[in-house]
Amino acid sequence: DDSAERAVAELRPLLTAAYGSSVGSLKSYYMPGTLGPSVSFNQMIDGWEWAYYPGVNFFDPDAFIATAGITLTGHARLQRETRDVVLFSLRAMSPQNQVPHHFDSEKGTQLHPSAQYTALSGARQPGPNFFTVLAGMYYVRYSGDYPFVCEHYGLLDRAVSYILSLVDPRMNLLDAPGPLMIDTLRRTGFTADNNIFMVGFMNDYANFLSEFSAALNQPAFSQMCATRRTDAGDAITAMMLSSRSEELRAAAGKVNASINANMWTSDHYASEAQKGAKWGRDMKDHDANFLALAFGVAGHKRAKQLTTFLANLHCPHSPSDVYYGSRETYGGNVGDSDVRLARVALAEAWARAAVGDAGGLADVLRPIREEVEGSVYMYERYGCGRPGMKGNGEHSPYFFEWPSVFVIGRVTLEYGIRLGITTVDISPLRQEPFRYITEKFFVVFDRSKGACVCLQMLPLRRTISVGGLIPGSTLSVVGSDATEETVTVGPNGRATTAALCGIEHCVCLLTRS
């Protein structure tokens, strides 16, 4: 029937992107715990292995984007592959706690390739520390593998400590040795990209630790965690996690204030701050300014000015308005300087979602979906010379990044499925009903009827919050140990309750007839 056809049409590009490109990038069939930047091919037939061969686990942020795409399939076996990729990189941290930029699979041995702490361009980036931890958080939240965080909290927090060690105590800004996520561009010092990302990242990691702390106060979780050997050294306690969370929020707040004091121009954030000056070099970076909107770095007035600035870009998803020429790039490599990059598209998607711009988000995701539906695979870069993406691909075919961005955008932003350890937030940015059914999580949403959530995870008392509903409507809460029998949707279209949610305990908020 029509509804079945619509459901298939809805899922086809999502599953094609996830299983065709994100999953296809795994290299674990011969090197456990690794993935490369593009789909693998038989070298005997095709003459090459993958893009940037022999490098694997590029967490700058390629590997984060791919592992997120894999994790969001909700497929338990594939999710375990992402766990192995994250651990492979975390376990290779340097004595200074720097996560490798990537590994060279032709150096070392097949099972132990050589860790490389600088990018292929020669840049030394903080990005891998940010993005490997972020990949770990995605994995825990969407897989329900809570023993992972009990066992490996020490590794995650060591990686975060490296980021904190880069903060200049006088400027309250991260003094970056290299760019956040576009490794060819010379961005060092008090850069907007790294500092703005730090604000969003530290607040998210602080929330993650708060969820971890709250879970430890529930017997089922604390008993599970108590049976696991931790790499954190001391026993993990709720009080310790809460204290660390407060420390990180305070650090993020200081950096946020310094960004606004030292980087704001008239309508956007400059590329860098400079001691003794209002701001330093300004290339009118797109990625950093989209991230500023996404993470709430700009206040209300500045956010409006920033939105106007970002509405008039010369090329969608390119790094900057001012061209990064040979002197502004490592080795004169201008390959990333004036092309469309998926990681910039992801920054814009996060920004559009943060300000509730459903149409703007759809505009970001639509051309990616069309390419996936038409060609399945995509290139690493797309040219700025003509509109659209079709027939406009450049460099590294079968690259995983654009399709994986579509998966992240569709599941976490358009569907708005955001899982935490003790929270479930469903905040769709679209009016149409949807259902997303996976092995690990199941969400059904209809604006006029309500929503249901089922998790194949440890049953915990969770806060369930659903947005996009009809303001003023009354919903019946169907679930075990629910706080109340009914809830009223607020003027913002959101209803919130608390109930036991996990294996054999679904929770529904249904419109009363």
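## Basis of the model

The model is predicted: local features need pLDDT of at least 70, side-chain atom pairs count only at pLDDT 80 or more, and totals for chains, interfaces and linings use all residues. Residues are numbered from 1 along each chain as its sequence is written, and side-chain values use heavy atoms, with hydrogens and water left out.

## Second largest pocket

A pocket is an open set of points on a 1 Å grid over the protein atoms alone, where a 1.4 Å probe fits, with protein on both sides within 12 Å along at least five of seven lines; lining residues have an atom within 4 Å of a point. Volume is the space filled by probe spheres set on the points, which are joined across faces, edges and corners.

The second largest pocket holds about 650 Å³. Two or more lining residues come from each of helix 1 (2-22), strand 13 (434-437), strand 14 (441-446) and strand 15. Helices (H or I, at least four residues) and strands (E, at least two) are DSSP runs, numbered from the N terminus. Helix 1 gives the most to this lining, with 8 residues. By class, the lining has 14 nonpolar, 6 polar and 7 charged residues. Ala, Val, Leu, Ile, Met, Phe, Trp, Tyr, Cys and Pro count as nonpolar; Asp, Glu, Lys and Arg count as charged; the others, Gly among them, count as polar.

## Largest pocket

The largest pocket has a volume of about 820 Å³. Its lining has 24 residues, and Arg-141, Asp-204, Phe-295, Trp-350 and Arg-418 are the closest to the centre. Elements that give two or more residues to the lining are helix 5 (127-143), helix 7 (192-216), helix 12 (342-354), helix 14 (401-414), strand 11 (417-419) and strand 12 (423-426).

Helix 7 gives the most, with 8 residues. The lining of the largest pocket divides into 13 nonpolar, 6 polar and 5 charged residues.

## Disulfide between helices

A disulfide is a pair of cysteine sulfur atoms within 2.5 Å. The count comes to 4 disulfides. One of them joins Cys-150 and Cys-225, with sulfur atoms 2.0 Å apart. This pair links distant parts of the chain: Cys-150 sits in helix 6 (residues 146-165) and Cys-225 in helix 8 (residues 219-226), 75 residues apart.

The torsion about the S-S bond of Cys-150 and Cys-225 is about -120°, so the link is left-handed.

Cys-452 and Cys-508 form a disulfide, sulfur to sulfur 2.0 Å. The S-S torsion is 115°, and the link is right-handed. Cys-452 lies in strand 15 (residues 450-455) and Cys-508 in strand 20 (residues 507-511), 56 residues apart. Cys-452 is buried at 18% relative accessibility, and Cys-508 is buried at 14%.

Cys-454 is joined to Cys-506, again at 2.0 Å. This link is right-handed, with 120° about the S-S bond. Cys-454 belongs to strand 15, whereas Cys-506 is in the loop between strand 19 (495-501) and strand 20, 52 residues away. Cys-506 is partly exposed at 36%.

Counting bonded cysteines along the chain, the disulfides follow the pattern 1-2, 3-4, 5-8, 6-7. Cys-501 is in no disulfide; the nearest cysteine sulfur, that of Cys-506, is 7.0 Å away. Cys-501 is buried, at 0% relative accessibility.

Key:
Buried means under 20% relative accessible area, exposed over 50%, partly exposed in between (1.4 Å probe, protein chains only).
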